[in-house]
Amino acid sequence: MSTPAATRPATVSLRAGRFTGFMPLIALVTLMAALTAVDPDFLTQRSLTAALRTAAPLIVLAAGATLVVLCGGIDLSIAALASLSTVLLALWLPDLGGPATPAVILIAAAIGAVQGAAHVLLRIPSFIVTLGGMSILSAIALVVSGAGTVRVVDDSTVSWLDLYIGGFLPTSAAVAILLVALIALVLKVTPLQSWVSATGYTESAARLAGTPVDLVKIGVFCLSGACAGFAAVMLVSRQFSGGPTMADNLLLPAVAAIVVGGTAITGGHGSVWRSLAGALVVTLLRVGLPIVGVPSAYEQILYGAIIVVAVALTLDGSKVSTIK
């Protein structure tokens, strides 16, 4: 029996949704198989441990920024905020010790909330707000650090993130995965998931339905900032220093992780778990490029191509049908 013509678009849309849902896992398995075929030594405990250790800050950055994208926005300031946070943490650790870590995370969260409030109250697109924020935060990081690296003499309060569980699993990676699980759990057991999805699908309809759209947007920017601050803690624990550009090279990989994970850049569809898988895919690409003989100079070109292709696969056509 043939499918009625009226139901064919819905059937195609359902199949496309299923495909994008499995896309990050398919990409992850395919990439691991390809790298193992090129270098049989890649699939070893040492290589996988190094990949997970590298992926941890990226997972945290992408998880926070994913919620902003789900609301139909974008946060381009996460990498600059993380870099500034590494400088602040490196400067404050000698005097504050342990409290320096939550202090930096709280300040990063406050900066994220300020950007969210500017987006909501001034009705400025999130792209513009966070692009300006990226420039401002980068300049502040340069001034505060004296345009140089700030060494950490005593990193005992953050060094636990650079340890290993069972000699294999990096503590930073385990914490990053737990953070993703915590965010996913909070979204599931509270109205936040429906509020975020509704805001991303159709903001006007969400307002009519009683969704606190403005508070939701400010909240996700606040969480994105907090995740940037926590990613900075991971970077300092690994590098034993802070720097005004330390996390700058993570912006494109974070965006790539989100869209490769199947989160629609137009908002409303996706999850932090998908971004976790996307971050692992991006990390394997970063680790695997030298293995297949691709110069690191082509890395940014590859990320750009990945973002374009992934966006094309996950784009909600109904939201961009009027764009010429």
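A crossing of two helices is called left-handed if the near helix is turned anticlockwise from the far one by less than a right angle, and right-handed if clockwise. With that in mind, look at helix H2 in this predicted model: H2 passes H6 in a left-handed crossing.

**Helix H2 on its own**

H2 covers residues 45-70, which makes 26 residues. How far apart are the end C-alpha atoms of H2? They are 35 Å apart, and this agrees with the 38 Å that the helix should span at 1.5 Å a residue. Along the way, H2 bends by about 35 degrees at Ala55, and the proline Pro57 follows within four residues. After H2 comes Gly72, which has a positive phi, near 90 degrees.

Two packed helices are described by the angle between their axes and the distance between the axes.

| Helix pair | Angle between axes | Distance between axes |
|---|---|---|
| H2 and H6 | about 20 degrees | 7 Å |
| H3 and H5 | roughly 25 degrees | within 8 Å |
| H3 and H9 | roughly 55 degrees | within 8 Å |

**H2 with H6**

Angles under 35 degrees count as roughly parallel, so H2 and H6 are roughly parallel to each other. On the H2 side, the residues that meet H6 are Leu52, Arg53, Ala56, Ile59, Val60, Ala63 and Leu67. Their partners in H6 include Ala176, Leu179 and Ile183. By class, this contact of H2 with H6 has twelve nonpolar residues, one polar and one charged.

**H3 with H5**

Helix H3 spans residues 78-96 and helix H5 spans residues 126-145. At their angle, H3 and H5 are therefore roughly parallel to each other, and their crossing is left-handed. Among the residues making the contact are Leu84, Val87 and Leu88 of H3, along with Leu137, Ile140 and Val144 of H5. Which classes of residue does the contact of H3 with H5 hold? Eleven are nonpolar, two are polar and none is charged.

**H3 with H9**

H3 also packs with helix H9, residues 213-239. These two helices are oblique to each other, and H3 passes H9 in a right-handed crossing. The contact includes Ser85, Thr86 and Leu89 of H3, and Gly225, Ala228 and Gly229 of H9. The contact of H3 with H9 has ten nonpolar, five polar and no charged residues.

Terms used
Residues are numbered from 1 along each chain as its sequence is written. This is a predicted model: local features need pLDDT of at least 70, side-chain atom pairs count only at pLDDT 80 or more; totals for chains, interfaces and linings use all residues. Side-chain values use heavy atoms; hydrogens and water are left out. The expected span of a helix is 1.5 Å times one less than its number of residues. The bend at a residue is the angle between axes fitted to the seven residues ending there and the seven starting there. Axes are lines fitted to C-alpha atoms, for helices over the stretch in contact, and angles run from 0 to 180 degrees between N-to-C directions. Angles under 35 degrees count as roughly parallel, over 145 as roughly antiparallel, 65 to 115 as roughly perpendicular and the rest as oblique. Contact means heavy atoms within 4.5 Å. Ala, Val, Leu, Ile, Met, Phe, Trp, Tyr, Cys and Pro count as nonpolar, Asp, Glu, Lys and Arg as charged, and the others, Gly among them, as polar.
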